[in-house]
Structure formats: C-alpha cells, structure tokens
Amino acid sequence: MRLVEATDSDKRARDLLTASAWGKQLTTEQFLQREAGLRAHPFAQQHMRTWLWVDAARVACSCETFEVPARRGSRVGRAFVIASVFTEPSLRGRGHAVGLINAVCARLAEQGEALAVVLFSEVGARIYERAGFVAQPSWDVMLPLETSVLPLVTSGVKQSLGVEAPPVGAMDGAVQLELTVEQCDWQVERERLYASALNRPEVKAHLLRHERSSLCVAASFQTNELHVLWYRFDKPADVGPLLAAAGDHGRASGLTSLRLWETTPIPLPAGAVRVPRNDELPMLRALDGGAATWSFIERGSWA
Ligand SMILES: CC(C)(COP(=O)(O)OP(=O)(O)OC[C@H]1O[C@@H](n2cnc3c(N)ncnc32)[C@H](O)[C@@H]1OP(=O)(O)O)[C@@H](O)C(=O)NCCC(=O)NCCS
C-alpha cells in the first residue's frame, strides 16, 4: 500500500462514495455541491489536503487533513486535523484506516514545527488508539432552546454577522490549536451551504459581545443545534446575556438547542446540562515528542 495525494478528479470520485456516510440529509447532488463549496473556501484552498491509501488496483481508504497554527507553551508551530476517514465498505476490517493514518502522520511529521495531529472521532477511541492517538476528556454544555429560561434582557449585547478569531487563551504545557478568522468563516460556510440546500434561515449574527466578553456561533442544520465555535467570558455575569442573545438567533433559525464545548468552566445557566461528549471525541497524537495532551479544545477547530 502507498500514500498518494488526491487530484481534483480523485476528490470528486471519493465524494460520490462518502455521500452515504456524511450526506444523510442531502441528495447526492446537494452533497457534491456541499463538498465543492467547502473546498472552494479560502481556508480549505490553503490548508486542506486529501490523501489516498492505494494498492496497484484501487483506493482502499481516504482522509483529509487541515493544517492550522498551534503552540505548546511558548513554542509556536503547526498542527494537523484529520477528518473524513473513509474505507470502501467491501475493504473494511483489514487495517486500511490505521495504515493510512500512520502513513499520513509520518508524512506530516516531516514538516517543520509539526507539534501534533488531532482528530474528532465519530467511532470511539479504539481504532485511533491503534494509530497512537490519545482521547482527551471533553464536556459539552447543552441548553435546550425551546424551553430555555435564560434572561430576557439581552440589551448591551452587540452583534455582527461576520466572524472574528478569538483572542489567544492562557498557555499551558499541552498542545493548543489556534483559530483563525478564515477557519471560523469556513464553519459558517457550512451553515450557509446547508441553509441553502435545506431551505432554512441562516443565523443573523455570528459574533456577539457583552462588555469584554464575546462568543462566536454557527448553525448546524444537520443536528438542529447552534454551536458555539469559541467563547471568552470575562466575568460570570456576561454568560447569561450572551447565551440568551445567541439562543434567540438559534430559535429564529428553527434550532432546538445550543451546544457549547467547554474550554474553561462556565456557570451553568438555568435549564442547561453538562454532558460528557461521546461523539466527535477529541484525540491527539504528538509529533514533537511531548505529552499527548491537548487543551482548550474549541468547536471552531472541528473538521
Ligand atoms: C471507521 C472506518 C474508517 C474504519 O475503516 P477500516 O479500514 O475498516 O479500519 P481498520 O481495519 O483500520 O480498523 C478496524 C477497526 O475500526 C473500528 N471501527 C470500525 N468501524 C467502527 C464503528 N462504526 N464504531 C466503532 N469502531 C469502529 C474497530 O475498532 C475495528 O477494529 P475491531 O473490529 O478489531 O474492533 C470505516 O468503517 C468507515 O469508513 N466507516 C464510515 C465512515 C466513518 O465513520 N469514518 C470515521 C469517521 S471518525
């Protein structure tokens, strides 16, 4: 088996196969448009690569990688997010996914300043542990929007349609991925593509501020959730108005809950629950010889 980087026509051929896994609410044509739209975005154009695991005859498995800025303590470098690992159904259970991931990690490790490879598993930890990844503890705050009892007062919250990158968070000895404005907008591009395909109203504000606190959101029409891509809460009193204002926008777009990946503990608003994440499980494999720890795991980094 060997590792090959996909051409544009390889990518379209993979899209036709992966539609069964990731295009559930879309027609095949809509899924192809979604993939083409996401790839055309400046973030993907600059940072996304598609990899194939092939033998002489055929492609057994494929995945994508996204290069993002990262740091470990004061050391600045880059990290790679692996996404969309897919093995042809008739070839599953033969180690192709693990083989591809190991080969991709070896290739990426050759790049200077490579700190880590991360992924968000939809199939549990076991398969990726075999490729050297370590699961990271992760908690979500879930707030139902239909029955929400958040404060009605959202005055003082400033809102804008466009996104911004978050200010850099506090450093520790773990790997941290840095969100850029392009990557945040790429998340919103997914919202726009689904809104258009499913005829749903886009969210009217993606960046909300209250005094020195802020958060950035995007709709997931696949799950009917409003996702907090990142947040920086300066003081506990800002949490209620910001989540309430975000929740209002989510409701207006027909979303039923707000999901916040907890990076720093927040006071739980009335009606919200904190749940361990069991899907999109964050996992990391270090490339720099350091510990396999990842902190400040933000939804905006998901791919
Ligand atoms: C997940 C997937 C990529 C695995 O590909 P593969 O080439 O069969 O993987 P490997 O042979 O290297 O490893 C097989 C292991 O994967 C794990 N695995 C595969 N599918 C799984 C699933 N749906 N849930 C949990 N674990 C799963 C198992 O641990 C299995 O080993 P085991 O049978 O000994 O327990 C493949 O099943 C697939 O394409 N699924 C659809 C798309 C998908 O869900 N991708 C993962 C996104 S994170």
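In which sense do strand E10 and strand E11 pair, and over how many bridges? In this predicted model, strand E10 (residues 207–210) and strand E11 (residues 213–220) are antiparallel partners, joined over 4 bridges. Within this pairing, arginine 209 has serine 214 of E11 as its bridge partner.

**The sheet and the helices on it**

E10 and E11 belong to an open sheet of 7 strands, arranged in the order E8-E10-E11-E12-E13-E7-E14. The pairing in this sheet is mixed. Strand E8 (157–160) and strand E14 (273–276) form the edges, each of them pairing on one side only. From one strand to the next, the twist averages 30°.

Helix H6 lies across E11 and strand E12 (225–232), and its direction is at about 35° to that of E11. Helix H7 (residues 239–252) also packs on the sheet. H7 touches E8, E10, E11, E12 and strand E13 (257–261), and its direction makes about 150° with that of E10.

Glutamine 183 is a residue of H6, the helix that spans residues 181–198. Its relative accessibility is 2%, so glutamine 183 counts as buried, the cut-off for that class being under 20%. Apart from neighbours within four places in sequence, the contacts of glutamine 183 are Phe43, Val68, Glu178, Gly300 and Ser301.

**The pair H1 and H2**

Helix H1 (residues 8–22) packs against helix H2 (residues 28–40) with an angle of about 120° and with the axes 9 Å apart. The crossing of H1 and H2 is right-handed.

On the H1 side, the contact is made by Lys11, Asp15, Leu16, Thr18, Ala19 and Trp22. These meet Thr28, Phe31, Leu32, Arg34, Glu35 and Arg39 of H2. By class, the residues of this contact comprise 5 nonpolar, 2 polar and 5 charged.

**Residues in loops**

Arginine 277 is placed in the loop between E14 and E15, and glutamate 280 lies in the loop between E14 and strand E15 (281–286). Glutamate 113, by contrast, is found in the loop between helix H4 (96–109) and strand E5 (114–121). The table gives the accessibility of these loop residues.

| Residue | Relative accessibility | Class |
|---|---|---|
| Glutamate 113 | 43% | partly exposed |
| Glutamate 280 | 17% | buried |
| Arginine 277 | 8% | buried |

Which residues does arginine 277 touch, not counting those up to four places away in sequence? They are Ser138, Trp139, Asp140, Trp261 and Pro282. For tryptophan 261, which is 16 residues apart from arginine 277 along the chain, the separation of the two C-alpha atoms is 8.8 Å.

Note on methods
Residues numbered from 1 in each chain as written. Predicted model: local features only at pLDDT ≥ 70, side-chain atom pairs only at ≥ 80, totals over all residues. Heavy atoms only, no water. Helix = DSSP H or I, 4+ residues; strand = E, 2+ residues; numbered from the N terminus. Buried < 20%, exposed > 50% of the residue type's maximum accessible area, 1.4 Å probe, protein only. Contact = heavy atoms within 4.5 Å. Pairing = 2+ DSSP bridges. Axes fitted to C-alpha atoms, helices over the stretch in contact; angles between N-to-C directions. Left-handed = near helix turned anticlockwise from the far one by under 90°. Nonpolar A, V, L, I, M, F, W, Y, C, P; charged D, E, K, R; others polar.
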